[in-house]
Amino acid sequence: MNLSKSLVWFRRDLRAFDHAALHHALRCSQQVFCVFVYDTDILDGLPRDDRRLRFIHASLASLDEELRRLGGYLIVRHGSARDEVLALANELGVDAVHTCADYEPLAIARDTDVAQQLAAQGRAFHSYKDQVIFEKDEVLTLAGQPYSVFTPYKNAWLKRLAAHPETLAAYPIDAYAHAFAPPASAPALPALEDIGFESGEPPLPAGMEGAEALFEAFVEDIADYGRARDFPAEDGTSRLSTHLRFGTTSIRHLVRTARQLMLSGAGGTGASVWLSELIWRDFYAMVLSQNPHVVERSFKPAFDAVQWDIGPDADALFAAWCEGRTGYPLVDAAMVQLNTTGFMHNRLRMVTASFLTKDLGIDWRRGERYFALKLNDYELASNNGGWQWAASTGCDAQPWFRIFNPVTQSTRFDARGEFIRRYLPQLAKLDGKQVHAPWLVKPEVLAERGVVLGQDYPAPVVDHDAARRRTLERFAVVKKAV
Ligand code: FAD
């Protein structure tokens, strides 16, 4: 390729290092412009105080600063991304638009449309792998089929990486920086208020430097990850999911480091456990790409026969779950964490999703949509995969007859009740054992600790054992199919 002018369209890849589309555009063009569009096709349904917009806004400022250091700049537009990109390509007179591939069905439809319209203007559209290590067709069974079980997928993934270590090579930017179009007439980046959102601090340190600071701190303790990652009161996970979602870090950089720590032994067992989690991310991206029906329906069609939301209380129970009023402290504390911070620990995502689907009998799609609205790190493939795992409808999911007991989960993973007390201060005076199931404590003892059940904290909205029996009955329709 030998292009005169190119436009790099940033979406979920807000960084200026190890960036596939930016690298290729700079290498093959004489002049490269960069754009990000606040896409009204996505933003229009979001609340005005959405935390993710604050993260994106701060990350764009950091991206623009880095592009300027390299000699370029970032153009930021607000409108329908399809229209804005086409209009800008026309205005600048570029030969091609370059992007990093996005595998969500709506993004694929948008990109196909943009590519066709660009072609009609005589311009090319190039999309590069960047967000995952291996795309949907790169790790297949010996029979050439996609995997539907994680462990053999992971083994094949690791084998392919060992055979092709160049997959992890970084895409250099600095060496080609002379091709950036200089920032002569660049307008300032718009404020969030300008596009109809409230400004404020991002929910976690944003941008490339925010990601790197988190990663460096995490690597210090990575050896203990295998143990610490299960305890929500501990700071035992990387918290990099939001950075991975918006591409302020590079998946190749993370995998490269985890693999080096694993192979050198410096990362203890934790490095290989963490690498497995990164492979789960590729796995769910592959599952979505190979099976786009999971967006609406169960991965396993037989599970579409399961009845959800039965009973007149379904809406009230769903509201209690959303608002952290189920009467099960670990579930409620987790929902308060989600509602107040936009983050929820992985163990608690499993517990709350299991509780909604198996204890309350609510359709997993309602919970999935609620998480999509609230999670800072929301991304379709992992969220859908996690929900279908918990609801037992998914690919390599929790067996349907295995139902988390929310009290046992609480005593195992928050034994001293530290996490619960952090998010439910009304239970702060209950001791270690009492805090997991306040309804089992004598009312006079509760009163001494300042808790009146039904007033300061709700009584359980369901009885777990009865709910468990009902769920096993509801799932009986799939017994023959699995
Ligand atoms: P770490 O433990 O440090 O893991 C490192 C990275 O590995 C994560 O940042 C993430 O990219 C990836 N990862 C870890 N666990 C998983 C997993 N089970 N599936 C896929 N990738 C994983 N993750 C999202 O990024 N976005 C979501 O919308 C999302 N929704 C979920 C919904 C449910 C019901 C469940 C059970 C899990 C969901 N997860 C989701 C996966 C997981 O909970 C988060 O990735 C993790 O909690 C993020 O914290 P961390 O970055 O500290 O993770």
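User: Why are α3 and α7 called roughly perpendicular?

Analyst: Helix α3 (residues 51-70) and helix α7 (residues 207-220) pack at about 105°, their axes 6 Å apart. Angles of 65 to 115 degrees count as roughly perpendicular, under 35 as roughly parallel, over 145 as roughly antiparallel and the rest as oblique. α3 and α7 are therefore roughly perpendicular to each other. The angles run from 0 to 180 degrees between N-to-C directions, and axes are lines fitted to C-alpha atoms, for helices over the stretch in contact. Helices (H or I, at least four residues) and strands (E, at least two) are DSSP runs, numbered from the N terminus.

By the way, this is a predicted model: local features need pLDDT of at least 70, side-chain atom pairs count only at pLDDT 80 or more, and totals for chains, interfaces and linings use all residues. Residues are numbered from 1 along each chain as its sequence is written.

User: Which residues make the contact of α3 and α7?

Analyst: On α3 they are Ala-58, Ser-59, Ser-62 and Glu-66, and on α7 Gly-207, Met-208 and Glu-209. Two residues count as in contact if their C-beta atoms, placed from the backbone, lie within 7 Å.

User: What makes β3 and β5 edge strands?

Analyst: The open sheet has five strands in the order β3-β2-β1-β4-β5, with parallel pairing. Strands pair if DSSP finds at least two bridges between them. β3 (74-79) and β5 (124-128) each have a single partner strand, so one side of each is left without a neighbour in the sheet. From one strand to the next, the twist averages 30°.

User: How do you know that β1 and β2 pair?

Analyst: Seven bridges join β1 (residues 3-10) to β2 (residues 29-39), and the cut-off is at least two. Lys-5, for instance, has Gln-31 in β2 as its bridge partner. Helix α4 (residues 81-92) packs on the sheet too, touching β1, β2, β3 and β4 (96-100), with its direction at about 155° to that of β2.

User: What surrounds the ligand?

Analyst: 28 residues do, and the closest are Thr-237, Ser-238, Ser-241, Asn-383 and Gly-386. To be near, a residue needs its C-beta atom, placed from the backbone, within 6 Å of the molecule. The largest share of the shell, six residues, comes from α16.

User: How does the shell around the ligand divide by class?

Analyst: It has 12 nonpolar, eight polar and eight charged residues. Ala, Val, Leu, Ile, Met, Phe, Trp, Tyr, Cys and Pro count as nonpolar, Asp, Glu, Lys and Arg as charged, and the others, Gly among them, as polar.
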